[in-house]
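Hi,

Here is the structure I promised to pass on to you. Have a look at it first, and then read on for what turned up in it.

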Amino acid sequence: MKIKGMKRNSLDIIMTDLRPVELPKIFTLKFFYRYLSQDLNAAKSVVAGLNVKQKDPFGKEWHAAPLKYHIIKKNNELREMSLPNPVSMIEVFCFIERYEKELLVYLGKDSFSVRRHKKNKSLYYRKSIGNKLLYEHIDSEDRKAMQLEAAGNYFYIEPFCRLDKFYKSDRWFDLNRRYKHFGKIDFNRCFDSIYTHAYNWIIAGNPVDAKKYTNSHILSVIDRMLQSMNGSITNGIVVGPEFSRALAEILLQAIDNEVILELENMGYLRDKSYNVSRYVDDIFIFANSDEEINVIISKYVQCAEKYHLKLNEKKQEVGSLPRVWFEWNQLAGIFVESFNKKFFYALDDMQTYLVKGRNLLKANITSKIKNQFQDMIASNLLYKDKIVSYAMSTVFNKIRDIHSEEEDGYALFREGEDIKTFLGFVDMIFYIYSFSPTYNNTEKVVSIMYLIEREIGEEAFSQILSEIALKYDYLFDSNLEDLVNLLLLFGCCGVELNTYTEHKIIKIMKKNQNPVLWAVFLMYSRYSEEFQKETAQCIEESIRKFTAKIIDFQNFFLYEHVWWIYIFTECPYLSDGVKDEMNRMLGKVQQTLNKDTASCTAKKEVIRFLKNRNYPYKFINWDIQKEEFYENIVFSTFDRTIFNTKGEDGWDHGTEGY
């Protein structure tokens with residue numbers, strides 16, 4: 001059904017596309033989003049500021065510091081992530097208001113990409129009643145009312161929103177049969193290497209001519225906006241938000257099309273003599289000779305270097321087809337089959353519970369399974385994160401099936417099973433997880449724990465989790481920012497780590513000085529009033545130490561230390577004294593914001609939000625309950641979005657990149 005006069009609310013992009021998924025579940029943008037949505041004059045006044053006659057409405061006045069942190073990615077490497085500053089979020093909203101149609105034109109250009117952004121037609125803005133926005137689905141069969149926080153990514157991504165969907169598609173298998181040779185390449189630290197000025201070169205062809213283009217051209221605006229989002233830096237763009245991937249596509253498409261043209265001039269016809277399929281910066285090349293593969297790779301090298309991008313020579317692969325692409329997957333499948341056989345019943349009319357409890361108490365069985373898993377990891381170290389993810393997803397889905405049965409009587413454990421069986425099962429899950437405690441795998445283990453607690457009850461689960469916390473304390477030798485939701489799980493369940501591990505975590509946090517990590521640890525420390533006060537004192541010392549370095553209030557938002565104020569300005573566990581100090585600083589900043597421009601108005605709105613007592617929580621949900629935490633974990637999707645998309649069950653059924 002086509003509905004006329006409908007429009008997606010541009011503010012939605014703040015919730016859907018501007019935060020990395022790899023953040024603790026107490027971090028939220030919903031209060032900031034609601035503030036801007038419910039006070040529509042605030043959003044309108046910012047956009048109105050773009051009409052002021054100034055030389056560069058998207059210029060350096062928008063520059064603001066993102067929050068930088070690190071997570072473990074492929075091959076156990078640390079990847080720097082960025083959470084854009086709230087000022088930058090408003091800037092992106094303004095950009096969408098002004099340039100969305102032009103952006104979609106660029107994103108819709110033909111290229112090698114198998115991940116294209118298009119207008120999302122699944123959700124439309126209907127009208128406002130009072131200060132609330134109402135939404136509805138186009139599908140007339142769906143009668144469910146859509147509330148303010150609505151469903152879906154801002155853009156619709158097709159044909160493959162995840163890499164694993166490409167690997168499972170008919171297109172993938174057709175390419176592997178149609179051609180005789182392949183090449184696999186990617187860009188070396190792609191997002192970190194993108195030079196923002198290169199967007200001007202797309203239209204100009206060279207840096208000299210690029211200077212002739214006006215500030216209003218969309219690619220010039222993208223250049224400056226990417227600098228703003230990254231705190232004035234031109235080398236590299238922020239990593240994490242889906243919006244960054246959308247803008248990166250424009251540059252990568254330009255490289256694709258130059259390669260296409262170069263190959264056409266040599267007589268190579270796309271989809272005839274060769275095929276290239278690119279998923280973000282992963283490039284798959286198919287041809288009928290190794291010579292053709294090498295020619296295509298050389299053209300990519302040539303065209304990418306014009307934009308200051310280089311291929312990662314260490315990861316380059318060439319070979320003949322057919323080939324074994326995912327050998328680790330086959331081994332993981334064999335392990336899961338063995339795991340299921342040893343520990344799970346196949347439910348039928350004679351059996352209504354899943355776990356073979358007695359086997360969990362037999363050392364010869366559990367040790368054999370652990371050895372099998374350990375040996376598999378040892379022979380596939382480069383893929384250990386994928387193997388662990390595969391195993392955890394399989395276990396979760398099997399357990400979830402029990403809890404989703406419509407008929408009564410199905411259970412995870414047999415009635416009368418004792419605590420030793422429960423502990424044996426949880427220990428097996430944590431043993432697998434311990435080989436790769438990445439952010440995504442942490443979410444999986446927490447989701448499994450949620451289903452187990454539903455089955456055995458809060459008291460028994462808390463006892464088991466306490467023992468697990470002591471046995472697997474070495475997990476916190478890993479990257480702490482990948483473990484934030486495990487720490488939150490312990491905090492929500494009142495589980496204590498040993499004193500040595502707590503001191504180790506504090507030492508790491510004092511070194512990293514990530515205020516979001518401190519917020520998580522403060523929530524964890526609630527099991528002891530005295531310990532929580534000690535943690536709060538450490539945080540207050542850091543707040544005073546870092547905010548004292550903010551001396552130029554006109555450039556307040558360029559200081560990375562502003563994040564201490566964003567995170568803790570209304571924290572209920574800190575003293576009134578330190579909160580008053582932060583509030584007074586915000587007042588001083590407010591006095592400097594006296595220009596009639598969009599950027600100045602945006603900064604004023606951020607300050608007003610931080611000082612607004614109608615929103616007692618700002619970017620941290622200090623009152624999060626265990627049930628809400630679980631729901632946030634279990635129903636978060638792989639698609640970098642807070643919203644659940646219509647028709648999705650909300651669980652990551654595959655591992656991106658395998």
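A question to start with: by about how much of the helix are Arg245 and Glu242 separated in helix H11? The two are 3 residues apart in H11 (residues 242-265), so about one helical turn lies between them. Please keep in mind that this is a predicted model.

The side chains of Arg245 and Glu242 meet in a salt bridge, with N to O at 2.9 Å. Both residues are buried.

There are 31 salt bridges in the structure, and two others are worth a look. In one of them, the side chains of Glu443 and Lys25 come together at 2.8 Å, N to O. This pair links distant parts of the chain, 418 residues apart: Glu443 sits in helix H18 (residues 439-456), while Lys25 lies in the loop between helix H1 (12-17) and helix H2 (30-38). Glu443 and Lys25 are both buried.

The other joins Lys626 and Glu458, whose closest N and O atoms are 3.5 Å apart. Here too, distant parts of the chain are linked: Lys626 belongs to helix H27 (residues 626-634) and Glu458 to helix H19 (residues 458-471), 168 residues apart. Lys626 has a relative accessible area of 9%, so it counts as buried. Glu458, at 54%, is exposed. Salt bridges with shared partners also join Arg115, Glu242 and Arg245 into one network.

Next, the nonpolar core. The largest one has 218 residues, and Phe95, Phe243, Tyr300, Phe430 and Phe568 touch the most other members. Helix H4 (residues 86-107) gives the largest share of this core, 13 residues. Leaving aside residues up to four places away in sequence, Tyr300 touches several residues, including Phe112, Ile185, Val276, Ile283 and Leu311.

S8 and S9 form a hairpin with 2 residues between them, and Val280 in the turn has a positive phi of about 55°.

Enjoy exploring it!

Best wishes

Methods
Residues are numbered from 1 along each chain as its sequence is written. This is a predicted model: local features need pLDDT of at least 70, side-chain atom pairs count only at pLDDT 80 or more; totals for chains, interfaces and linings use all residues. Side-chain values use heavy atoms; hydrogens and water are left out. A nonpolar core is a set of buried Ala, Val, Leu, Ile, Met, Phe, Trp, Tyr and Cys residues joined through side-chain atoms within 4.5 Å. Buried means under 20% relative accessible area, exposed over 50%, partly exposed in between (1.4 Å probe, protein chains only). Helices (H or I, at least four residues) and strands (E, at least two) are DSSP runs, numbered from the N terminus. Contact means heavy atoms within 4.5 Å. A salt bridge is a side-chain nitrogen of Lys or Arg within 4 Å of a carboxyl oxygen of Asp or Glu. Two strands pair if DSSP finds at least two bridges between them.
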